[in-house]
Each structure stands twice: as C-alpha cells, then as structure tokens.
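Hi,

Here is the structure I said I would pass on. Have a look at it first, and then read on for what turned up.

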Amino acid sequence: MKTFKLPGTDMVVPNIVLGLMRIQDKSDAEVRELLATAMDAGITFLDHADVYGSELHGCERRFAEAMRLSPSQREKLIIQSKAGIVREGPYFDFSYEHLVESVDGSLKALGTDYLDILLLHRPDALVEPEEVARAFDDLAAAGKVRAFGVSNHTPRQIDLLRRHVSQPLVANQLQLSITHAPLVAQGVAANMQGLDQSVSRDDGLLDYCRLHDITVQAWSPFQAGFFDGPFLGSERHPELNAVIDRLAAKYGVPSLAIATAWITRHPARMQVVIGTTTPQRVADAALGSDVPLTRAEWYELFRAARPCQQLRDAFAGRVEGGGVAAVGGDALP
C-alpha cells in the first residue's frame, strides 16, 4: 500500500480510503471482516459522516458497536467524519452550533475522544466563514479534531473559508472516476471551440488543490456517472472494459485495481475512497494502490472512457478547421 504524508498534518496516510456509509445493516462479524481485510491490505484510513445510516450517526455507531476499539487499536487508524448536512431538511448548516454539535455526536457514536479529520460535507450557500473558523478553533483547542477539510467545494468557496480559518484545509472530497472525470478532462479539452467538455465548471479545481496542498479524495471511483451504476463490466462501456481487462492481465491484478490505479497514478497524489462492503472487492481495489500505469496506458484508459467523438478526434489530431494545427500544432496522445 502506497502511503504519503498528508500535507498540512503529521499523518502518514494510505492512498486508499475505506468509506463506511453502507454498514448500517451489517452484522458485527461482517463489519469486523471488512475492516480486517482493509487493514491487511494497508488501508488504515476510514471515512464516515454524521448523516450516513438510517438515523443520525447510524453508521458511526454501528462501527463502534462492532469494533469496540481499544485505545491502541484506535491509534492505528485515521478516522475522518463529515458534518454540515441536516437530514430533516435536507439542507446545509455550517453554523458554529451545528458543527460543534455534530462533532460531539460523532465522537459519542464512534466511542472516541477525537477525529483525525473533519470535512465540511458539501457547500452551505449561507455559510458565514467566521462561524466556521470559530468552530474549527474551538474543536482544535479542545483536542476533538486534529485536522480539517471540505467536500465538493470549488476554489472560490475554499478561498472564502481560508480567508478566515486559521487551520490548513487538508482535503477536498470530490467525485472522480475514469468515466466521470471533468476535473481532468476539462483541462485536456481547454480552448477547444464547441466542445461541452471544454467548458470550465470548476474553475480549475484539481490544479487549485495541487497548488494549495489540498489532497483530493475521489469518491464513487467505480461509478459511471452520478450514481448511475458502475462502469466495470457494463455493456455501456465495452471499449473501456476491454482496455481495463487487457491491463489487468498485464499487471496480474483484478480489473477493480486498474480502475483504482487510474486515479492513484495521477501525480496529484489523490486518495481513492472505496465504499464497498464486500471484503474481496476491498482487497481487489487495494491492489491498484501502486500499479505503475505508463503515461500511454493512463491516456488509453482516458480516451476509451470519453463518449464525445469530437474529443476523440481531437486526441487523434483530427479537429475541424486545420487538423493537428488546430490544437496548437501538437498531436495529442
């Protein structure tokens, strides 16, 4: 398992994260097997949220009930949770009172004295950054949270928080997979007229995170789009799956590992958040932590996943109005 020091912290973390949003109905034995498999693979980073489960703090409580961690076991784990979504609305609330109450609820449910990382869970349009800063200061001073980050935030939303928050924002959890990659694809298609893919919707978010030492945590890494099913084995993505299968055979790993490796290969040193509750799938995905995809292989996967024929033509240097010259004189891979 490949690890790195999380910028802005003293934590050494794996580049694969185990998401626990689906464990509410799992037995103690199933939860223990899931975690044991993850830890055997080197996955010591766990992702929770207060809203995960059939009730508030449901999955956090289920985890604690099943694991009953000793202090020494707790110290071996990086436990991250998220706050900011109000289930009853649903709406978003980054007020001081809500954030502090949510963290206290998570600590009680998890049976721990501290969270390693707290993320703001999706943007709050009514955010008052001074309130967030006060909450972060008090939570840090009380030893309840070691580090802070965000989820699904844009560069300007992060800038607004950073103007007031004194702690570094160490992570931004964002949706990313081979087939759902606007974070990456927009930059590749930049300045190409008439391409939907070339429209900037996130203001260069991936590059922004790299510039500011914010680790991207990729959620739904195996989903084809926004919760519309996985791309692995899907009849909707035959070309992509053919490439994945060939590379899986070359590297002697399951196809799930290649889908993981496409993200971990990126020099931004991103983390992949896997949400499966099947131990074998955890083990399979973990094998992609350090698969050394070549630059050509990475781009081959990227091309095979793109549904836009115009973008495919651009990669081949066949764009309307001048061929290769129309993309600046250089043929794309």
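**What turned up in the model**

In β11, Trp219 is the bridge partner of Gln175. Before going further, please keep in mind that this is a predicted model.

That bridge belongs to a pairing of β11 with strand β10 (residues 169-175): the two run parallel and are joined by five bridges. Strand β12 (residues 271-274) also pairs with β11 in the parallel sense, over two bridges. There, Val272 in β12 is the bridge partner of Ala218.

How many of the five residues of β11 are buried? Five of the five in this strand (residues 215-219) are, so β11 is largely enclosed by the rest of the structure. Both of its faces are covered, with Thr215, Gln217 and Trp219 buried on one side and Val216 and Ala218 buried on the other.

Next, the aromatic rings. The count comes to six aromatic pairs. Take Phe136 and Phe148: their ring centres are 4.1 Å apart and their planes are at 20 degrees, which is under the 30 degrees used as the cut-off, so this pair is stacked. The two come from distant parts of the chain, 12 residues apart, with Phe136 in helix α5 (residues 129-141) and Phe148 in strand β9 (residues 145-151). Phe136 has a relative accessible area of 1%, so it is buried. Phe148 is buried too, with a relative accessible area of 1%.

Another stacked pair is Trp262 with Phe302, where the ring centres lie 6.4 Å apart and the planes are at 5 degrees. This pair also links distant parts of the chain: Trp262 is in helix α10 (residues 255-264) and Phe302 is in helix α12 (residues 295-305), 40 residues apart. Both Trp262 and Phe302 are buried. If you follow the ring pairs from there, you get a cluster of Trp262, Trp298, Tyr299 and Phe302.

Two arginines are worth a click as well. The charged end of Arg134 sits over the ring of Tyr96, 3.8 Å from its centre. Arg74 lies over the face of Tyr114, at 4.0 Å from the ring centre.

Now for the interior. In soluble globular proteins, nonpolar side chains tend to be buried together. Which residues touch the most other members of the largest nonpolar core? Of its 88 residues, they are Leu18, Phe63 and Trp262. Helix α10 gives the most to this core, with seven residues. Apart from it lies another core, of 13 residues, including Ile117, Leu119, Val170 and Ala171.

Helix α10 itself is mostly covered, as nine of its 10 residues are buried. Among them are Leu256, Ile258, Trp262 and Ile263, along with Thr260 and Thr264.

Back to Phe63: leaving out residues up to four places away in sequence, Phe63 touches Leu20, Ile23, Val31, Leu35, Leu46, His48, Leu69, Leu77, Ile79 and Leu110.

One of those contacts, His48, is found in the loop between β4 (45-47) and α2 (58-67). Is His48 buried or exposed? Its relative accessibility is 0%, so His48 counts as buried.

Happy browsing!

Conventions
Residues are numbered from 1 along each chain as its sequence is written. This is a predicted model: local features need pLDDT of at least 70, side-chain atom pairs count only at pLDDT 80 or more; totals for chains, interfaces and linings use all residues. Side-chain values use heavy atoms; hydrogens and water are left out. Buried means under 20% relative accessible area, exposed over 50%, partly exposed in between (1.4 Å probe, protein chains only). Helices (H or I, at least four residues) and strands (E, at least two) are DSSP runs, numbered from the N terminus. Two strands pair if DSSP finds at least two bridges between them. Rings of Phe, Tyr and Trp (its six-membered ring) pair if their centres lie within 6.5 Å; planes under 30 degrees apart count as stacked, over 60 as edge-to-face and the rest as tilted. A charge sits over a ring if NZ of Lys or CZ of Arg is within 6 Å of the ring centre and within 35 degrees of the ring normal. A nonpolar core is a set of buried Ala, Val, Leu, Ile, Met, Phe, Trp, Tyr and Cys residues joined through side-chain atoms within 4.5 Å. Contact means heavy atoms within 4.5 Å.
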